[in-house]
Amino acid sequence: MSKQEGGRDSFTNKFGVIAAAAGSAIGLGNIWRFPYVAGENGGGAFLLLYLLFILAIGVPVMLSELLIGRKAQLNIFGAFRKLAPGSYWPLVGMMGVGAAFMILSFYAVVAGWTLEYTFYAIGNQFAGESPEGIKAIFDELTTASWRPVVFMLLFMALSAFIVRSGVQKGIERYTKILMPLLLVILLGLIFRSLSLDGAMAGVDFLFRPDFSKVDTNTILEALGQAFFSLSLGMGVMATYGSYIKKKESLGKTAISVSLTDTFIAILAGLAIFPAVFSFGLEPGQGPGLVFITLPGIFNQMAGGYYFAIFFFVLLVIAALTSSISLLEVVVAYFVEELKMKRSTATWLAAGVMSALGVVCALNGAVFDFFDRTSSNILLPLGGLLIVLFVGWFLGKQVVRDELEADGRAAFYFRLFVPVIRVLAPIAIALVFLNGLGLLRF
Ligand code: TRP
């Protein structure tokens with residue numbers, strides 16, 4: 001483990017940083033949430049808005065978060081307290097800690113389904129099932145009261161176990177090797193999905209924007225998905241930023257992580273939608289979409305039995321590298337601000353989240369409420385305050401010094417400042433006003 005000035009843990013090198021941040025970003029958000037939300041919001045037009053928000057808002061927010069964390073060398077709450085003493089800014093950090101509880105509660109439920117699917121795949125339980133049969137299995141699995149709860153708890157325990165053992169050993173190691181593997185399997189899936197009968201209707205759905213499907217909600221959902229998928233707006237990237245050494249470039253990190261994450265989401269869409277249309281499924285059916293579609297693709301693949309097992313194992317791992325980042329935000333806060341022992345902090349946070357997770361597992365309305373409220377409201381609001389803080393409160397010189405702390409000129413600085421001062425805040429505010437029905441476009 002390498003220690004930074006002041007004795008905090010840090011990632012060993014650039015690849016470690018990018019791997020950990022990408023590990024946080026890439027997860028169920030790309031493979032489960034992106035296809036289901038895109039499916040509900042008409043496909044192509046949603047994708048276009050999503051890409052626009054990633055570039056104009058997501059990348060600048062990510063860079064701002066990394067910057068806050070590395071500058072302050074503290075958890076998200078402590079960072080605001082240190083950089084803006086005696087102000088209300090630390091409340092933004094509190095909001096982030098609160099959002100982490102909300103997100104991980106439903107996230108762990110979906111991760112639990114994934115875990116259970118791994119066992120189904122091993123038992124070859126989807127073999128020969130029609131799309132209706134698979135849907136029945138999924139419905140049964142998610143409504144059987146004890147099973148989703150047990151698998152959710154199992155997943156939460158795994159996350160807590162990794163977080164307890166510390167940043168670098170825990171987080172870096174698991175991400176480096178496994179993410180590239182996930183990519184390979186995804187490519188295999190796309191290949192099969194695209195060669196199914198009637199697959200092109202799915203490609204059309206994803207890439208041909210149909211603006212008649214766009215309503216006020218679509219725009220807000222696209223923004224929420226951008227924040228969710230990039231792990232923004234609640235302090236994950238700030239917390240990870242605090243573990244990044246001064247000699248690394250924050251700009252490069254933000255760009256590579258955002259692009260990789262977006263690429264994976266599009267690949268997931270390309271694997272799912274052709275199959276959705278080929279099987280005659282409904283793209284807008286909600287959170288079950290990928291869980292109902294994927295087994296059908298595996299059923300039609302040579303070696304599908306093995307692919308399925310690998311895929312679900314990797315998806316569980318991708319979910320783990322994301323859930324540990326959420327848990328880490330809370331644990332870093334408990335340890336540094338409330339002076340708890342790391343293991344106490346971890347088990348306490350995971351315990352409370354598990355209790356909330358039980359409610360999400362048993363009640364679809366609560367699940368949905370946590371899912372939408374966190375992504376569409378809390379994260380963009382956090383992101384808005386974060387860019388305003390960096391742009392207006394910290395100010396140009398501090399931003400420049402931090403971006404150039406690696407000793408190289410940050411050529412993007414001139415673009416970055418107006419974006420976080422004006423463009424991104426206005427864009428987020430407009431989407432909000434529109435989402436609340438106060439402004440129509
Ligand atoms: N981005 C992750 C995913 O796509 C989920 C996630 C991890 C997250 N940390 C977050 C979402 C922080 C919002 C905020 O699966």
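I note that the model is predicted, and each value below is computed from it.

Next I looked up α5 itself. The helix covers residues 90-122 and has 33 residues. From its first C-alpha to its last, α5 reaches 47 Å, close to the 48 Å expected at 1.5 Å a residue. I then asked how many residues of α5 are buried. The count is 27 of 33, so I wrote down α5 as mostly covered, buried being under 20% relative accessible area.

I turned to the neighbour, helix α4, which holds residues 76-83. The axes of α4 and α5 come within 7 Å and cross at roughly 175 degrees. That makes α4 roughly antiparallel to α5, because an angle over 145 degrees counts as such.

Which residues of the two helices meet? On the α4 side I listed Ile 76, Phe 77, Phe 80 and Arg 81. On the α5 side I listed Pro 90, Val 92, Gly 93, Met 94 and Val 97. Sorted by class, this contact has seven nonpolar residues, one polar and one charged.

Last, I checked Ile 162, which sits in helix α7, residues 146-164. Is Ile 162 buried or exposed? Its relative accessible area is 6%, so Ile 162 is buried.

Note on methods:
Residues are numbered from 1 along each chain as its sequence is written. This is a predicted model: local features need pLDDT of at least 70, side-chain atom pairs count only at pLDDT 80 or more; totals for chains, interfaces and linings use all residues. Side-chain values use heavy atoms; hydrogens and water are left out. Axes are lines fitted to C-alpha atoms, for helices over the stretch in contact, and angles run from 0 to 180 degrees between N-to-C directions. Helices (H or I, at least four residues) and strands (E, at least two) are DSSP runs, numbered from the N terminus. Angles under 35 degrees count as roughly parallel, over 145 as roughly antiparallel, 65 to 115 as roughly perpendicular and the rest as oblique. Contact means heavy atoms within 4.5 Å. Ala, Val, Leu, Ile, Met, Phe, Trp, Tyr, Cys and Pro count as nonpolar, Asp, Glu, Lys and Arg as charged, and the others, Gly among them, as polar. Buried means under 20% relative accessible area, exposed over 50%, partly exposed in between (1.4 Å probe, protein chains only). The expected span of a helix is 1.5 Å times one less than its number of residues.
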